[in-house]
Each structure stands twice: as C-alpha cells, then as structure tokens.
Amino acid sequence: MTERASTHALRVEELSVTIGATPIIKQVSFSVGAGEILGLVGASGSGKSMTARAIMQLLPSGAVMSGVVALHGERLSGRSEAHLQTVRGRDVGMIFQEPMSALNPLMCIGDQVAETVRLHRSVSRAEARDAARAALDQAGLSGEAGAHQRLPYELSGGQRQRVAIAMAIVMQPRLLIADEPTTALDVITQAQVLALLRDLARSRGMGLLLVTHDMAVIAQLTDRVAVMRQGEIIEHGTTAEILHHGREAYTRSLLAAARLPRKRAKPAPPDAAVVLKVDGVVQEYPRKRRSLFKAPPPLRAVDGVSLSIRAGETVGLVGESGSGKSSLLKVILALQNPAQGSVSLLGDAFSTAAGAAGKRARRNLQAVFQDPVGSFDPRWPVERLIAEPFFLLDAPPTGAARSRQVAEVLEQVGLKADDARRYPHEFSGGQRQRIAIARALITRPAVIAFDEAVSALDVLVREQILELLAQLAADLKVAYLFVTHDLHVIRAIADRIYVMQSGRIVEEGATEAIFSAPRHAYTRALIEATPALPA
Amino acid sequence: MARNWNLTLGVMVTAGFIGVAVLALFWTPFNTQTLNIAGKLQPPNLQHWLGTDQLGRDVLSLIMAGAKTSVGVALVAVIIGAGAGVPLGLIAAAYRGAIDELVMRGNDVIFAFPALLLAILITAVLGPGAINAIIAIGIFNIPVFARVSRAGALQAWTRDYTLAARVAGKGSWRISWEHILPNLWGLLVVQATIQFSLGVIAEAGLAYVGLGAQPPVPSWGRMLNEAQTLTALAPWLAVMPGLAMLLFVLGLNLLGEGLRRSTEVTR
C-alpha cells in the first residue's frame, strides 16, 4: 500500500451520466482504498447500478458520461474500447446478481475461469488451468475430485456465484465491483458469500465496491457507506456513523426498512377455528433414470408435513430453496395431488378435483405469487385480471356490479378505482403486487397464500406492502400463509412459524419464541446467517 | 423509433395483390376464356399492356385471374394449417406427457415426407386440380403451426398468470383459450404470413408440373409452363407471371418481417 501518494484502488470524481435529456447520475464523487470495502446503498432506481456500470465504462447505448473515473491513478474515462477491454477483468473484476446468466452453460467451470486468464495474459493452457484452480480454491470450490470439470447447471446458486467470484479475482484485480451479489441467494449461502468477499478484500488488499439495497448487508461488511438517491450521493461516511447518526431522512428510512419493525398488531385468538389443515402430506417426483433396468427411488420433496392455520391467523413457512416449501404450496393450493396425506379447507377435503364443490372450496383459498411481472396476462386490463377469480362463483357479478366490486378492492389495496381500465405494464412492481393482492381478495377468501410475495420488491416498497397486508388481515379477518426464505419478513408479519428443511417441518412455534429461543440447529443456523443491524 | 419500412411496403404490396385478386372475381380487362388467334403473341402495347399469349389472350387479365387462384389456394391452405395445427399445438403444450409425444411425433411423420412427393400422391389419388393442391399444401402447414404454437404455449405456461388462473379454478382448455392463445397471436400472424408466401410458391410449383389448377382455371405456374417453349419468341410471356410471383412473395416476406418487429410485446 505504499506505491504512490494517491493510490486509491478507485477514484470517481464528479461522475455524471445522462440518457437523452434525463440525468441519471449527478456529480457523484467517491473513492475506494486498497483493502477497503465501500458500500453503495439506495433503493431501486437510485442510480447505484448505473454508477457501477459507468466505472466499467459499460453504459447502455445513448448514455453520455462526464467526469473522471481513475483506477489506481490511471484514468479510464475517455480511453479506447480496446484498452478498456484489457482493463476489464484484469484490473477490475465484476460480480452480478444472477450468476447463471453470467456463466456459459456449455463450458466446465475450470475452463471458464482459465479463459479469463488466457484473455489477459499469454500463458500456456496448463498455467491458465493452474491459475483457475487456485482461484476456484480461494472462492471455496475445491474439495472432491473433478470439481473443476463440473458444468454450471450442476451447481447450486451459491456455488455459481462462487464461480463468478473466481472469474472476477483470478487476475488479482485491485478492485472488485459486486452488484447485489447475494440478492438471489439463500440466507445461509449469503452469509458464506459475504464472508468470502470480506476475506478476499482483506487478504489481497483489494478494493471492494458493494452495491446493494440492503442496509443489513452494508452493516455486516462495509467500512464506509455512500447513500444514493435519485442519482446523487446524499450522505457519505463510515459505516458506524451512517448506521448510528445518519443525518438524512432517506438513510433512516432505508435503515428502518432493513430493520423491518413488526407490522402485525396483535395475533389472532388461539381458540379460533382451524380453516386450513394439512395432514401428513407426502409429495414425490420421479428422478432422472440412470439405469436401464431399475427405476430410481423418487425424490421426496415433501415428507410427511402436517400444519394448520386458524381463522385470521398469519402463519409463516420458512426454509431455504430446495426445502420443499414450493412443492408443499402446490399441494395446498390443489394444483397437484399429494402422493399421500390430505388437505382440508374449512373442514372439507380440498383436492384438484374440478366441479362445483371444488370451485366452492377454491373461492376460500387464493394466492399471490412472487413475480410481479409474470403474474398478469399482459393483454388483459386490470379489471378483467382482478375479476378472474369470479369464475369460481356460481353467479358472478357482471357489468356495473363487477366494476363496483373491483373498484372496492382496488381502493382497499391503496390504488385508485380508475386503475381498473389500465394495463399491468403501466404499473410499478409494488403497484402490481397490490393488484395481485386485490385479485386474491376479490372472492373474500378465508386464507391467502403468499409465495415469496415480497422478495422481488425494493426494501422501501416491501415495507409498505407488508404494512398493507397487516392492515388487511386485521380489517378483514383473513388468514395468511406466508411462504418465504426471508426471516426479516416472517418476523415482521407472522404470528406463528413453521421451519421447513429437506421436506420436513423441523420446528414450529410462536414467532417471538422461535426467534428468541430456537430449539432446532437448522433454525439457529438460519437466524444466525440472517444479516442483522445493530440495535 | 425508426419507421417500420418493412411493414409499410409489405402491407402496400400484399394489399395490392389481394385487391387485384378480388377485382378479378368480378372484372378483368379482357375475358380470359375468349381466344383470339389472329391477335396472338402481341408484345406489350397500349391495348394489351402486358401483351398477349399464343392463343391471343390478354396477359394482364391472365395474371389478374392467376392472382385469384394463387391467393385463394394459399389462403385456404393457411386456414387449414392453422385451424388444425394451432389447437394441436395448444393441446400438446397444455397436457404434455403422452399426448404431447403423440401429437409431435405425428407432426414428425408429416415432416418426414417430401412435400412435393405427397402432393403428387394426393393428386394421383384424387386427380389434379386447385382443390387438391389446397389439401396438399394445407396438410403441410399443419405441423408448422402445431410446432410454433406449442413452443410459444410452453413458454406462456411457465408464467405465473397461468398459475393464477388455475387458482381461479380454470382448467387447461379455458386457460389455453383465454390466456395462451391471445399471447401467441403475434407469433401466429407472422407464421401465417410466411406460410402464405410459401403457399403461393407451392401452388405455382404444382401447377407448373401439371398437378395444380387445370385449364381453363388460370394459374401463374401454368402460364410459366406454357411460356417455356416460347421464351425466345415472346419473352414477356414468361417474365410477366414470374415478376408477379416474385413481387407478391417479396411483399409477403416484408410483411411477415414487419409484423414480427411490430408485435414484440412491451411488458
């Protein structure tokens, strides 16, 4: 660290980006020292990802940049594309949110990392392979023999992100830019990847620019923080300063959203009637055949799960991806029949059987899904979308009566009655999730299931949606089944929690009891891995 | 956004030819059935803009009447192909499994026959004629539409709105009709345009080898065939129907490309 006087790994001065006449980034300045971790935090649309792209000089076409970007003293702004190509990957590494799309699906991971080496340095294949192996080892992908010959589809999300990290660090860059590197990962994997990034920055004296919307991640990892809002850095300081003495209201709202205070006022009375009962459900999927003569044993995604939800109660179902919670939800929603066990809704058996009885049951169980974009047929107007579950009624309202009921639920979820005439693409992600909630409410169900319904949303929007849900639960006495991997969300809204691991419920209890005294080792691991803000 | 020139030109040319075909239903400058041996093989002149053929018939009138056959055969063949192929594709995508295999392997069987060979077979059994050309071309359109709609439908089935519709109690048929088909619309219109232009070529090809429309029904393909021996003497007899076909197919392809660009849905 004693090369030159101004050896910042990265120095950004008065960086501005405009697209057309719209300013996207306004006069942003910051620096990252060697071995230092700087967090760039903001809600979506704040310009933080665009800043990361501007540093790499990878702006979308039509974007105009001004200002200075310097990498350990060398200016990048204004250099030729050919020169920049030698810099990217060699002096700056970058990691993105979705590791699958950053990897070539047909190339084994060892070769992919080696390719980066051979692009930047004239070395033999063997030397490149050794360098790749060392980088993958450092990224925590060593172990069993042949680990480097694996293809991306054979890896889990966390392992893929490790490959992306290995590709980014194999040239030993002095700066690493990580754009939401753990947003697509499970809590436990997230904790591991964050620890890996910190160790790499510290042990190699590499600057790390971490772009995220999550203050809890910032608190865990960074030395300094820059808070971005509408293309400007509105606050800048050490992590401790920002966390404890943030001046700007916006910073404090981001912190509050990350802390996510409890939204649910008071739990449902424990003596309320059971509305949804799941009894010993087993769900199996056939595994890929490997032998010609013998069928492989089926994969047990759900292994004897029983649970119940009382009227007006909010129940959380937590687990990592692959724990079987999505398969269980498909059975509960009667989209699939279980291999064994049963589901009953308001005392009647609930299955995929069609017919009048099936329709009557479905009316009482509606769902909200994760993807605010894919949840709506892009060719239907909002009124028709929201009214779709009316199909379940024996005498669905038509004409003015239908419009009136749609307007009523739209207002209940905080939208306007005339939004009914618009199309889904005219709404933001948070508004679309409100429309999805309106669609679930329209048949006045007893239970609504939420499948990761807030995980695709920005932190600030997520908080508003949870508040709305808590309000609706209190007003309408509707019960929720909240399926998620996010413990923050569960803690803010659930009365009671089921923890699921490898297809089984491993722990069950009242929310605060589980968080304060988890009994099962897996629950403890989940709680410990969840990034927390200092109180 | 840049103006979609493909679409503009394609619409103009296609509408022009279809307009001519419709017009030929009621009126052509000269009667195509009346022979005038005295006035045979006239080069293009003021009275006969595109000249006359070996039997003294007006070439412009023949081309107009040929457009009628061309458009008619290709259009009905597309309707047959889409009418049978799209439901098959939707069913295959909605039910997957054994039904999917059955439908798609059935398609493969049709694809495995060389198109012309099957057309010869059909005309050998049913006799040559425009109707049988329609049947032969139509059968070959079925697997194309089945594949395109299955591929599009499979993608649409992965979206959460189909899940939401199932939670609303709707079955596979209803979801296919209400959600999947409307979202395939752009894809299908583009494919229909492409199949239409292939149908025009196929009709001309069948007529050229004598398996399509029979005299006296006028057809561009047969005009080319008849002009073949006279090319040195009266080149316009071969050039005019050839040009008409070239222009029409070009217009249809431009239309298809233009439609493809303009139907890329914004979500």
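Helices (H or I, at least four residues) and strands (E, at least two) are DSSP runs, numbered from the N terminus. With that in hand, select chain B: from the N terminus on, its elements run α-α-α-α-α-α-α-α-α, which makes nine helices and zero strands.

Before going further, a word on what is on screen. This is a predicted model, in which local features need pLDDT of at least 70 and side-chain atom pairs count only at pLDDT 80 or more, while totals for chains, interfaces and linings use all residues. Residues are numbered from 1 along each chain as its sequence is written, and chains are lettered from A and ligands numbered from 1 in the order in which they are written.

**Stop 1: chain B**

Of the 267 residues in chain B, 47% are buried (20 or more other C-beta atoms within 10 Å of a residue's own; exposed means 12 or fewer, partly exposed in between, with C-beta atoms placed from the backbone). Contacts here are pairs of residues whose C-beta atoms, placed from the backbone, lie within 7 Å. Among contacts in chain B between residues at least 6 apart in sequence, 72% join residues at least 24 apart.

**Stop 2: where the chains meet**

Now show both chains. 18 residues of chain B are in contact with 22 residues of chain A. On the chain B side, the elements that give two or more residues are helix 6 (160–167) and helix 7 (172–208). Helix 6 of chain B supplies the largest share, seven residues. Colour this side of chain B by class and you will find eight nonpolar, five polar and five charged residues. In this colouring, Ala, Val, Leu, Ile, Met, Phe, Trp, Tyr, Cys and Pro count as nonpolar, Asp, Glu, Lys and Arg as charged, and the others, Gly among them, as polar.

**Stop 3**

**Stop 4: a four-stranded sheet**

Select residues 8–19 of chain A, which are strand 1. This strand belongs to an open, antiparallel sheet of four strands in the order 2-1-4-5; strands pair if DSSP finds at least two bridges between them. Strand 2 (22–33) and strand 5 (74–75) of chain A are at the edges with a single partner strand each, so one side of each has no neighbour in the sheet. Helix 1 (residues 48–55) of chain A packs on this sheet, touching strand 1, strand 2 and strand 4, and its direction makes about 115° with that of strand 1. Such angles run from 0 to 180 degrees between N-to-C directions, with axes fitted to C-alpha atoms, for helices over the stretch in contact. Between strand 1 and strand 4 (residues 63–71) of chain A there are eight bridges; look for A:Thr18, whose bridge partner in strand 4 is A:Val64.

**Stop 5**

Move to residues 175–179 of chain A. Four of the five residues of this strand 7 are buried, so it is largely enclosed by the rest of the structure. Strand 6 (residues 92–95) of chain A pairs with strand 7 in the parallel sense over four bridges, and A:Val92 has A:Leu175 as its bridge partner. Five bridges join strand 7 to strand 8 (residues 207–212) of chain A, also parallel.

Click on A:Leu209 next. Leaving aside neighbours within four places in sequence, A:Leu209 is in contact with residues including A:Leu10, A:Val32, A:Leu175 and A:Ile177.

**Stop 5: a six-stranded sheet**

Which order do the strands take in the open sheet of six strands in chain A? They run 16-17-18-13-19-20, with mixed pairing. The twist averages 20° from one strand to the next. Strand 16 joins strand 17 (residues 447–451) of chain A through four bridges, in parallel, and A:Val368 stands opposite A:Phe450.

**Last stop: A:Pro372**

Finish in the loop between strand 16 and helix 13 (382–386) of chain A, the place of A:Pro372. Is A:Pro372 buried or exposed? With 25 C-beta neighbours inside 10 Å, A:Pro372 counts as buried.

Terms used
Two residues are in contact if their C-beta atoms, placed from the backbone, lie within 7 Å.
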